[in-house]
Amino acid sequence: GRSSRPERHGFIMNITDIKVRRLLQEGRLRAVVSVTVDDELAIHDIKVIEGPERLFVAMPSRKEVNGIFRDIAHPISPAARHQFEDAILNAYQHEVEAQSLHGVVHAN
């Protein structure tokens with residue numbers, strides 16, 4: 001559902017493009033996505049992952065020497081994170097449905 005507009009820090013983030021780069025059927029990784037913000041900033045290697053209860057979005061990250069993964073880029077506020085996740089999961093669902101209609105995705 002839609003909630004009241006969250007507080008902003010000087011500008012409104014506008015997701016201007018989402019490209020589903022890869023759809024996968026095996027394992028927990030379901031898609032690799034790129035997002036463009038304000039037609040100015042592209043963020044690549046965002047992952048759609050099948051969790052135990054729902055799909056979730058993992059931002060691009062790198063593994064540090066201690067074995068801990070750190071996000072390379074990520075939304076700061078919870079509201080921005082929800083906006084990113086909702087937009088990415090909607091684009092993913094749309095792509096899955098479009099490819100299913102065109103017979104591209106095959107059940108095993």
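Helices (H or I, at least four residues) and strands (E, at least two) are DSSP runs, numbered from the N terminus. By this rule, the protein has one helix and six strands. From the N terminus on, the order of elements is β-β-β-β-β-β-α. The structure is a predicted model: local features need pLDDT of at least 70, side-chain atom pairs count only at pLDDT 80 or more, and totals for chains, interfaces and linings use all residues. Residues are numbered from 1 along each chain as its sequence is written, and side-chain values use heavy atoms, with hydrogens and water left out.

Four strands form an open sheet in the order β1-β2-β3-β4, with antiparallel pairing. Two strands count as paired if DSSP finds at least two bridges between them. At the edges of the sheet stand β1 (15-23) and β4 (55-58), each of which pairs on one side only. On average, neighbouring strands of this sheet are turned by 30° against each other, direction ignored. Axes here are lines fitted to C-alpha atoms, for helices over the stretch in contact, and angles run from 0 to 180 degrees between N-to-C directions.

Seven bridges join strand β2 (residues 29-37) to strand β3 (residues 41-50) in the antiparallel sense. Leu-29 has Ile-49 of β3 opposite it. Val-37 has Leu-41 of β3 as its bridge partner. The hairpin of β2 and β3 has three residues between the strands, and in it Asp-38 takes a positive phi near 55°. Glu-40 also belongs to the loop between β2 and β3. Glu-40 is exposed, at a relative accessible area of 71%. The class follows from the cut-offs: buried means under 20% relative accessible area, exposed over 50%, and partly exposed in between (1.4 Å probe, protein chains only). The C-alpha atoms of Glu-40 and Thr-16 are separated by 9.0 Å, although the two residues are 24 apart along the chain.

The next pair, β3 and β4, is antiparallel and held by four bridges. Here Val-48 stands opposite Val-57 of β4. These two strands form a hairpin with four residues between them.

The helix α1 lies across β1, β2, β3 and β4 and runs at about 50° to β1. Contact means heavy atoms within 4.5 Å. Among contacts between residues at least 6 apart in sequence, 34% join residues at least 24 apart. Of the 108 residues in the protein, 26% are buried.

A search of the whole structure finds one cavity of 30 Å³ or more. On a 1 Å grid over the protein atoms alone, a cavity is a set of points where a 1.4 Å probe fits but cannot get out, and lining residues have an atom within 4 Å of a point. Grid points are joined across faces, edges and corners, and a volume is the space filled by probe spheres set on the points. The largest cavity has a volume of about 40 Å³. Its lining consists of Val-57, Met-59, Pro-75, Arg-81, Phe-84, Glu-85 and Ile-88. Helix α1 (residues 78-101) gives the largest share of this lining, four residues. By type, the lining has five nonpolar residues, no polar ones and two charged. Ala, Val, Leu, Ile, Met, Phe, Trp, Tyr, Cys and Pro count as nonpolar, Asp, Glu, Lys and Arg as charged, and the others, Gly among them, as polar.

How values were computed:
On a 1 Å grid over the protein atoms alone, a cavity is a set of points where a 1.4 Å probe fits but cannot get out, and a pocket is an open set with protein on both sides within 12 Å along at least five of seven lines; lining residues have an atom within 4 Å of a point.
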